[in-house]
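Welcome! Take a moment to look over the sequence and the 3D picture before reading on.

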Amino acid sequence: MMKQTGKILLAVCAVCALLSANALAFTVVEGGDLTEINAPHEWAKAEIEQAREAGLLTEHTDDCFKEDITRFQFAELIVNLAEKATGKTIEPAPDTTFTDCSEAAVLKAYAAGIVSGVGDQQFAPDQTTNREQIATMIYRAVTYIEQQSGKTFAEKNADLSAYTDRDSVSDWAAEGVGVLANNGIMKGTSDTTLSPADPCSVEQSVLLALRVFNLAK
């Protein structure tokens with residue numbers, strides 16, 4: 001009986017060791033500081049590094065690059081961009097503005113007119129967002145940066161006639177989507193499609209912030 005128990009224990013240990021080895025093999029990547037699932041796609045790496053060098057990455061966006069971005073993550077990203085581009089610190093709104101979020105980045109973004117709530121004093125920080133919502137918030141950030149810097153860097157051309165799915169863009173998002181598309185900030189998903197309801201990942205959002213930053217410079 002003792003011998004049989006010993007064999008079972010050895011087998012269990014061997015399986016555990018194998019699983020641990022496989023887990024490590026999956027998670028370790030170049031530099032050893034990001035898991036494979038968190039690392040940016042190859043096509044995004046060069047611009048991600050440019051964004052990092054410019055100080056545009058934030059605590060909650062310098063990771064999980066392939067995941068869909070949340071409203072809180074985007075608020076943090078866009079406020080950092082606005083402050084870097086203008087050289088000015090945004091004064092946050094009162095911490096009683098939302099009942100579900102008191103993060104400084106969210107309150108700053110709200111105070112600057114870049115983000116708004118979802119109703120009933122809710123911000124929904126963990127809710128993910130889509131392309132037309134992102135475009136609207138970036139357009140507001142562009143407007144804020146231009147006002148604060150006294151420099152216009154985005155032509156206010158909101159024409160969407162080149163896109164076959166223009167009617168799927170919400171009325172409230174049409175201006176932001178159009179201006180970003182026509183300034184090469186948020187390009188279409190093809191030459192003729194905008195895909196406004198598609199999700200937006202962390203890495204895509206970082207690249208959008210970098211493009212605005214470069215234009216604002």
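**How to read the model**

This is a predicted model, in which local features need pLDDT of at least 70 and side-chain atom pairs count only at pLDDT 80 or more, while totals for chains, interfaces and linings use all residues. Residues are numbered from 1 along each chain as its sequence is written, and side-chain values use heavy atoms, with hydrogens and water left out.

**The whole chain**

The protein chain has seven helices and zero strands. Helices (H or I, at least four residues) and strands (E, at least two) are DSSP runs, numbered from the N terminus. Read from the N terminus on, the order of elements is α-α-α-α-α-α-α. Of the 217 residues, 42% count as buried. Here buried means under 20% relative accessible area, exposed means over 50%, and partly exposed lies in between (1.4 Å probe, protein chains only).

Contact means heavy atoms within 4.5 Å. Among the contacts with a separation of 6 or more, 67% are accounted for by residues 24 or more positions apart.

**Two helix pairs**

Two packed helices are described by the angle between their axes and the distance between the axes. The axes are lines fitted to C-alpha atoms, for helices over the stretch in contact, and the angles run from 0 to 180 degrees between N-to-C directions.

| Helix pair | Angle | Axis distance |
|---|---|---|
| H3 (residues 71–86) and H5 (residues 131–149) | about 20° | 10 Å |
| H5 and H7 | about 25° | 11 Å |

How does H3 lie relative to H5? With that angle, H3 is roughly parallel to H5. Angles under 35 degrees count as roughly parallel, over 145 as roughly antiparallel, 65 to 115 as roughly perpendicular and the rest as oblique. H3 passes H5 in a right-handed crossing. A crossing is right-handed if the near helix is turned clockwise from the far one by less than a right angle, and left-handed if anticlockwise.

On the H3 side, the contact is made by Phe74, Ile78, Leu81, Ala82, Ala85 and Thr86, and on the H5 side by Ile134, Met137, Ile138, Ala141, Tyr144, Ile145 and Gln148. Sorted by class, this contact has eleven nonpolar, two polar and no charged residues. Ala, Val, Leu, Ile, Met, Phe, Trp, Tyr, Cys and Pro count as nonpolar, Asp, Glu, Lys and Arg as charged, and the others, Gly among them, as polar.

Now for the second pair: H5 is roughly parallel to H7, and their crossing is right-handed. Ile134, Ile138, Val142 and Ile145 of H5 meet Ser205, Leu208, Val212 and Ala216 of H7. By class, seven of the residues in this contact are nonpolar, one is polar and none is charged.

**The nonpolar core**

In soluble globular proteins, nonpolar side chains tend to be buried together. A nonpolar core is a set of buried Ala, Val, Leu, Ile, Met, Phe, Trp, Tyr and Cys residues joined through side-chain atoms within 4.5 Å. Which residues touch the most other members of the largest nonpolar core? Of its 58 residues, they are Ile114, Ile134 and Ile138. The elements giving two or more residues to this core are H2 (42–53), H3, H4 (104–111), H5, H6 (174–182) and H7 (202–216).

Leaving aside neighbours within four places in sequence, Ile134 is in contact with Ile69, Phe74, Thr129, Met186, Cys200, Ser205 and Leu208.

The buried residues of H6 are Gly176, Val177, Gly178, Val179, Leu180 and Ala181, and what covers them includes H5. Asn182 is also in H6, but counts as partly exposed at 32% relative accessibility. Not counting residues up to four places away in sequence, Asn182 touches Asn157, Ala158 and Asp159. Asn182 and Ala158 are 24 residues apart in sequence and 7.0 Å apart in space, C-alpha to C-alpha. H6 is followed by Gly184, whose phi is positive, near 70°.

**Residues in the loops**

Cys64 is in the loop between H2 and H3. Its phi is near 50°, a positive value in a residue other than glycine. Ala124 is in the loop between H4 and H5, and has a positive phi near 55°. Is Ala124 buried or exposed? With a relative accessible area of 17%, Ala124 is buried.

Ser201 is found in the loop between H6 and H7 and counts as buried at 7% relative accessibility. Not counting residues up to four places away in sequence, Ser201 touches Phe65, Lys66, Glu67, Asp68 and Ile69.
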